[in-house]
Amino acid sequence: MAVLRTVIQDTHKKLKEVGIPDARLEAEVLVTSVMRMPRQSLFGEQETEVNGQQQSALDELLERRYQREPLAYILGQREFYGITVVLTPAVLIPRPETEGLVEHALFMAMMGMESRDLIIADVGTGSGAIAINLAIHLPGGKIFAVDVEDAVLDVAAYNIRAHGVGDRVTLAIGDLLDAVPEPVDLVVANLPYIPTDRIPTLQPEIQQEPVLALDGGSDGLDLIRRLLVQAKDKLKYHGIMLLEMDPEQIPVVAKLALEYFPKGTTSVEKDLAGMDRILVIQRQEAE
Ligand SMILES: C[S@@+](CC[C@H](N)C(=O)[O-])C[C@H]1O[C@@H](n2cnc3c(N)ncnc32)[C@H](O)[C@@H]1O
């Protein structure tokens with residue numbers, strides 16, 4: 001029977017050979033997952049034996065990874081802004097850059113916004129990761145989490161229940177803000193924003209994520225444009241929208257937003273890599 005140290009070395013080598021980036025980290029994550037131990041205990045458990053059952057479980061996971069199935073789908077979960085959300089291939093894997101949306105929404109809620117009991121829409125909720133975090137940190141908030149697909153909302157519903165925020169998060173199925181029954185103070189949206197013709201060029205792991213979560217139409221902005229149209233009726237006059245997109249899309253959407261909301265203002269927030277990532281739109285119209 002092999003010990004943990006050699007199993008990790010062996011797994012690392014196999015993953016590296018098939019071109020998996022971060023092969024060492026993934027080897028540690030996969031091995032500790034089948035051993036049901038936290039990654040932090042690896043150092044102290046180097047000589048622990050890996051039994052036959054654990055090795056076969058690892059081999060099964062490795063087979064999936066060789067097919068470039070994303071690690072987060074294999075593990076069935078991902079950490080996002082300090083919470084763990086359960087995932088299936090029906091939902092996008094939440095990305096670190098999207099944590100900026102949560103951070104900024106919380107900042108807006110605490111600093112600038114008039115009402116303590118904010119009404120918020122998380123449009124295109126996916127796993128529910130954004131809505132759940134907002135509910136955890138804004139106990140007075142009322143959050144609508146919208147998506148278009150039942151299979152997506154099933155995952156969000158599971159996560160919302162698991163984090164005990166079902167009293168503050170209402171799931172809604174439908175097209176963008178059309179699914180939200182009342183005007184909101186804050187719209188937070190990480191909608192699909194990848195141009196259709198770029199999708200076949202993305203890394204194989206991303207191509208296994210749902211196309212509905214990625215494809216934003218010919219210039220990536222189909223859904224964001226429609227969201228702005230719907231916001232005229234669904235965003236309160238003092239309301240704010242926080243929209244995630246690619247850096248080159250930001251000036252285009254900022255210009256469009258000011259056409260819809262001529263008394264509004266826009267600003268830009270950067271992601272962890274220093275790239276422009278979030279467009280902030282303040283509507284600011286007199287009631
Ligand atoms: C990029 S994913 C974001 C998921 C999640 N908010 C996150 O950041 O991890 C976009 C989500 O928008 C949903 N979506 C696509 N078209 C939609 C529409 N017309 N109305 C509402 N949601 C939509 C997709 O199903 C997907 O869950």
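Let's start with the ligand: 17 residues surround it, and Gly124, Asp147, Asp175, Leu176 and Asn190 are the closest (a residue is near if one of its heavy atoms lies within 4 Å). This is a predicted model, where local features need pLDDT of at least 70 and side-chain atom pairs count only at pLDDT 80 or more, while totals for chains, interfaces and linings use all residues. Residues are numbered from 1 along each chain as its sequence is written, and side-chain values use heavy atoms, with hydrogens and water left out.

The shell divides into nine nonpolar, six polar and two charged residues (Ala, Val, Leu, Ile, Met, Phe, Trp, Tyr, Cys and Pro count as nonpolar, Asp, Glu, Lys and Arg as charged, and the others, Gly among them, as polar). Here are some polar contacts, meaning pairs of N or O atoms within 3.5 Å:

| Residue | Protein atom | Ligand atom | Distance |
|---|---|---|---|
| Gly124 | backbone N or O | nitrogen | 2.8 Å |
| Asp175 | polar side-chain atom | nitrogen | 2.7 Å |
| Asn190 | side-chain N or O | oxygen | 2.8 Å |

On its own, the ligand has 600 Å² of accessible area, and the protein covers 96% of that (Shrake-Rupley method, 1.4 Å probe).

Now for the charged pairs. The structure holds 21 salt bridges (a side-chain nitrogen of Lys or Arg within 4 Å of a carboxyl oxygen of Asp or Glu). One of them joins the side chains of Arg65 and Glu205, at 2.9 Å from N to O. This pair links distant parts of the chain, 140 residues apart: Arg65 belongs to helix H3 (residues 52-66) and Glu205 to helix H8 (residues 204-207). Helices here are DSSP runs (H or I) of at least four residues, numbered from the N terminus.

Technical notes: A polar contact is a pair of N or O atoms within 3.5 Å; within protein, one must be able to donate a hydrogen and the other to accept it, and residues adjacent in sequence count only if both atoms are side-chain atoms. Helices (H or I, at least four residues) and strands (E, at least two) are DSSP runs, numbered from the N terminus.
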